[in-house]
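Dear colleague,

I am passing on the structure below, together with some notes on its charged pairs, its aromatic rings and the contacts of one of its chains. Could you look at it alongside these notes when you have time?

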Amino acid sequence: MKKAIVEFKDFSFKYKTQTETTLKNINLTLYQGEKVLILGSSGSGKSTLANCINGLIPFSYDGEITGSLKVAGIETKDASIFELSSHVGTVQQDTDAQFVGLSVGEDIAFSLENRSVARDIMLEKVDYAAKLVGMEDFLVQPPFHLSGGQKQKVALAGILHDEEEILLFDEPLAALDPAMGMAAVDLIDQIYREKEKTVLIIEHRLEDVLYRHVDRIILIDEGQIQMDSTPDELLRSGLLKEHGIREPLYISALKNAGIHFSDTEHLDNIEELDIARYKQSVLDDIKAVKPYQVPPKNELLLHVSHVDFSYGERKVLDDVSFDIHRGEKIAIVGKNGAGKSTMAKMLCGIIRPQAGEISMEGVNCRKLSIKEIGTKIGYVMQNPNQMIVKDIIADEVRLALTLNGFTQEEMDRRVADTLKMCNLYSMRNWPVSVLSYGQRKRVTIASILALQPEIIILDEPTAGQDYHRYTEIMSFLEELNRTYNITILFITHDMHLAIEYTDRAIVFADGKCIADDYVFKVLSNSWIIEQANLKQTSLVTLAKQTGIDPEAFIRHFIESEREERAHGHE
Amino acid sequence: MKEKSKLSLLLGVWNTKTIVGVAIGAALFGVLMVFGGIKVFTNTSLTTAMVVVVVVAGMFGPLPAAVAAGIGNVIADLIGGWGFWFDWSIGNFVLGFFVGLLPIYGAKIDEGIFTVKHAIIYVLTVIVGNAIAFGLVTPLLTYLFYSSELTVTWMQALSAIISNGAVLLIVGIPFLFLLANRNAKKTNLTKED
Amino acid sequence: MDMSKRLFINVIPGKTFLDKLSGTTKVRLFFALIILLIATWDFRILFPVLLLGVAGLVSIKPNWKLIGGLLTFILVVNLFNLFLIWVVTPDYGKDIVGGSTVLLSFNSRYVVTAETMWYFLIRLTKFLASFIVSLTFIQAITPSEMAAGLYSIKVPYKVATIVSIAFRYIPDISRDFSDIKISMQARGMELDSKRTGLFTRLKQYILILIPLIIISFERVGNIANAMDLRGYGKGKTRTYYSEHEETPNDRRMKVFYLLIYLSILAVIFCRIVFPPEFQVWAPWI
């Protein structure tokens, strides 16, 4: 008989600040030693559920609880967060915010310090936990130079001091690039097996979590449990898209090929899937669809020629060259520190090439001021709150025009045009504070478009966003590109974005541009994937197992997905 | 009852959130003081650091604001490397407290409440706070610690009063209105179609 | 770009004698010296403390390029202050040292007396010593050791936490600050002080401050949650990972700073029981 460790009974929760109940009548039992994925889109209630388990609700968030929730036998509404924290260890989504120590060792020690553990015992425990996650060589390092993946390992080590029997991961993949995400899923699995803990993962990125086995998936939407089943049953159910969850790519690809899965098949792991019998259908499908049309190139817009840049001794850009043509959609990919953001800063004129040159429509950018370049190349930062200054939408869009000294009429005209382009005209007098994340993103894009730039650069436009918001942001950008022929550069780790929305990928590694090619070529080249901290998509695995050329297969997949999306627009 | 609630408003609730808020406020204060000066002449610059204190006050109350200003000044000393001058840190603490009185007279920046009436009271607190902090407390401490000549100490204090006052009024007031507007109308969280 | 490199305080502990002392020792020693410097006007005490400070600073092998400019700046400011004092009260030494030996006279008011110069020398020594002792302290301590050290002198650990959390997020805030500045520049903000007036620059500053402050305080909730979830604030006491056990050197320094505290008491005691006629001692009076 398995021992129940988390028991929700007719449990509901309503935040004090909201009028609607966030969790509605939850009945759920999780057993000791289980590995469970709690799956849901943003706003589904999955994070609220997590916060109920670790005690942040009701400790930090006021609200109304009805029903009962017992964690490790403790009724949470009567317990203190401290009591619960010795049973539940939480790794949060924001890797920066949860790193509160000034060094790796200190952060791992944080819970021990709070419990006044003597220092000699503390040192032992920290060493032990650091070794479990492979961070033992970094103990004196400050957080500033660590990658997101390393910070997350530190957070995990911080809850491995033996007391906690439940490990709770709240969106562990949100801040990581694909390769780090894969490593994180692997590490969680390894700890789960070695330490025999109960593991709960809260995520919306299903395919990435399924990289390692999970026992059970709880699908949540609208504050209710929609399904509680094995991964196989869920994948077969077809409930995913309906609840804003992206299907694993290999499943989509097989479905595209018209394949129906039998009830007995294991779908959760591509390696176990009996692919051979689908080979013919896939091949037929590829033949049936017209081959991928490479979009014709327009005139040359930007020419980057052999640029170098160093910060002191450290070379961050090394002999980089590429061309950008009008109307292109390009993904700029590479690990953190590979030179992507330095390149973006250089394109905007914030820093200048130490060797080589950049020219825009034939004019050498060296002759232009930051301000002049700013009217040709716009830069949209990752977090819209980093950019928004004004309280009213129209004022925010007007700001750059005021700073550039346009005439009143010109400003009025441009503000109106831009707002219409971005479907914000009807909301122009709204305060920014009432807007959703996606709408704020649109406001920041509008505030840049007001200057009528030729090119806009977007830094991680979809980072941390679920499928629904991702689609909202990306289809808006695609429409801008299609209707107004605006050239868009995406600085991104998001492989789905690259596959679905861009034509070309420029790949950086160690300051060098190591590839500049069609997305399907880049993603089927395992050397580039490794260099750029990307991850081999399941499409490549699928192609290899069916004996189809991966490049042709990805190309085919892209084409059929775009066709489907284009039909969706009509 | 009301007396008590005023007192708790003055002192603030020192939970983890307040501690972190004060720490972030102090860090911002230090960064702005060291790296964010607005050049007036070659060697003089105005600092906008005090504006941060107003935000801490809006979220957590006057005492947290004062602590953020005092520790923020110590942090500026630490990262700027110009040695500790406790007389000035304590002066900033006092000014921080006065400037931080916002929630006491009903201005709630994080809820979007800041009116002309509040702005007028704010101007008064800036003037009074500045006069007490740098006209009285800091010169007195400087005199006690370093037995300095009072006239010269006051001359230095006067320049602090003028620059702090200028920033708190010229930058502070438009900033407060804008920030309050950015935070306004947040209460309606019902889902809309 | 990376402002964390421009900070005077170091995050990773160094390897010299002073660096290797515990946070407790460093903090207690620092306060001992600073209080002593504030408490006395006696050149016979001030000068050795200055020498001690200089020796301390040299021993930690600081980056002289960084410090040189700062030292010059402090020296110039102090000399200028002294000049101002002389302009306002040329015969300042008369009341404070107790004499008026004229060395040089410009007219009946503007005279240079030996006593005033003696006072100026002492004051300069006092200020320079305070400065160099704090600078040495700043260069030899890490923020975590400082938190631990403050806790050791009975400062509530929540106050010590404010200091360490502030230092934790300074690099992040500096990075956001420069990113926001860059994005505003790209949108057309002119930051060159030669091209814009002071008033415009003040107004433009608001445009950078608003997003900076909003995103800085956005993280407060998440950080506080992360701390609560690991039991912060549960106990009345706390231990520190960064605070190593007392070494033989720490014990030696303990004797040293205890002696300083005793001498502070002695200095204050003497001043109360045998109040000197004049505040500043001079060998010839």
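This is a predicted model: local features need pLDDT of at least 70, side-chain atom pairs count only at pLDDT 80 or more; totals for chains, interfaces and linings use all residues.

The partner of C:E246 is C:K254, with which C:E246 forms a salt bridge whose closest N and O atoms are 3.1 Å apart. C:K254 is likewise classed as partly exposed, because its relative accessibility is 30%.

**Salt bridges**

Side chains of opposite charge can pair when their charged atoms come close. Over all chains, the rule used here gives a count of 39 salt bridges. One of them joins the side chains of A:E454 and A:R326, with an N to O distance of 2.7 Å. Because A:E454 sits in the loop between α16 (437-449) and β17 (455-459) of chain A, while A:R326 sits in the loop between β12 (314-325) and β13 (329-333) of that chain, the pair ties together parts that are 128 residues apart in sequence.

Another salt bridge in chain A is formed by A:D412 and A:R398, whose closest N and O atoms are 2.9 Å apart. Here the two residues belong to helices, A:D412 to α15 (residues 408-421) and A:R398 to α14 (residues 393-403) of chain A, so the pair ties together parts that are 14 residues apart in sequence. A:D412 counts as partly exposed because its relative accessibility is 35%, and A:R398, with a relative accessible area of 22%, is partly exposed as well.

Residues of chains A and C also come together in a network of salt bridges, which links A:D96 and A:K151 with C:R168, C:D172 and C:R175.

**Aromatic pairs**

The structure holds 27 aromatic pairs over all chains. Among them is the edge-to-face pair of C:W118 and C:W281, with ring centres 6.4 Å apart and 70 degrees between the planes. Since C:W118 lies in helix α5 (residues 114-140) of chain C and C:W281 in the segment after α10 (248-273) of chain C, this pair ties together parts that are 163 residues apart in sequence. C:W118, at 12% relative accessibility, counts as buried, whereas C:W281, at 30%, counts as partly exposed.

C:Y157 and C:Y232 form a further edge-to-face pair, at 5.8 Å centre to centre and with 85 degrees between the planes. C:Y157 is part of helix α7 (residues 157-186) of chain C and C:Y232 is part of the loop between α9 (220-229) and α10 of chain C, so the pair ties together parts that are 75 residues apart in sequence. Both of these tyrosines, C:Y157 and C:Y232, are buried. They also belong to one aromatic cluster, which is formed by A:F110, C:Y151, C:Y157, C:Y232 and C:Y240.

**Contacts of chain B**

The size of an interface is often given as the accessible area lost when the parts come together. Between chain B and chain C that area is about 5500 Å², of which carbon and sulfur atoms give 82%, and the contact involves 59 residues of chain B and 66 residues of chain C. The count between these two chains is 0 salt bridges, and there is 1 residue pair in polar contact with both residues at pLDDT 80 or more. On the side of chain B that touches chain C, at least two residues each are supplied by α2 (16-35), β1 (38-39), α3 (49-60), α4 (62-80), α6 (116-146) and α7 of chain B, and the largest share, 15 residues, comes from α2(B). By class, the residues of this side divide into 40 nonpolar, 14 polar and 5 charged.

With chain A, 10 residues of chain B are in contact with 15 residues of chain A, and the two chains bury about 1100 Å² between them, 46% of it on carbon and sulfur atoms. Across this interface the rule finds 0 salt bridges and 1 residue pair in polar contact, both residues being at pLDDT 80 or more. Helix α7 (residues 150-183) of chain B gives the most to the side of chain B that touches chain A, namely 3 residues, and this side has 3 nonpolar, 3 polar and 4 charged residues.

With best regards

How values were computed
Residues are numbered from 1 along each chain as its sequence is written. Chains are lettered from A and ligands numbered from 1 in the order in which they are written. Side-chain values use heavy atoms; hydrogens and water are left out. Contact means heavy atoms within 4.5 Å. Buried area is the accessible area (1.4 Å probe) that two parts lose on being put together, summed over both. A salt bridge is a side-chain nitrogen of Lys or Arg within 4 Å of a carboxyl oxygen of Asp or Glu. A polar contact is a pair of N or O atoms within 3.5 Å; within protein, one must be able to donate a hydrogen and the other to accept it, and residues adjacent in sequence count only if both atoms are side-chain atoms. Helices (H or I, at least four residues) and strands (E, at least two) are DSSP runs, numbered from the N terminus. Ala, Val, Leu, Ile, Met, Phe, Trp, Tyr, Cys and Pro count as nonpolar, Asp, Glu, Lys and Arg as charged, and the others, Gly among them, as polar. Rings of Phe, Tyr and Trp (its six-membered ring) pair if their centres lie within 6.5 Å; planes under 30 degrees apart count as stacked, over 60 as edge-to-face and the rest as tilted. Buried means under 20% relative accessible area, exposed over 50%, partly exposed in between (1.4 Å probe, protein chains only).
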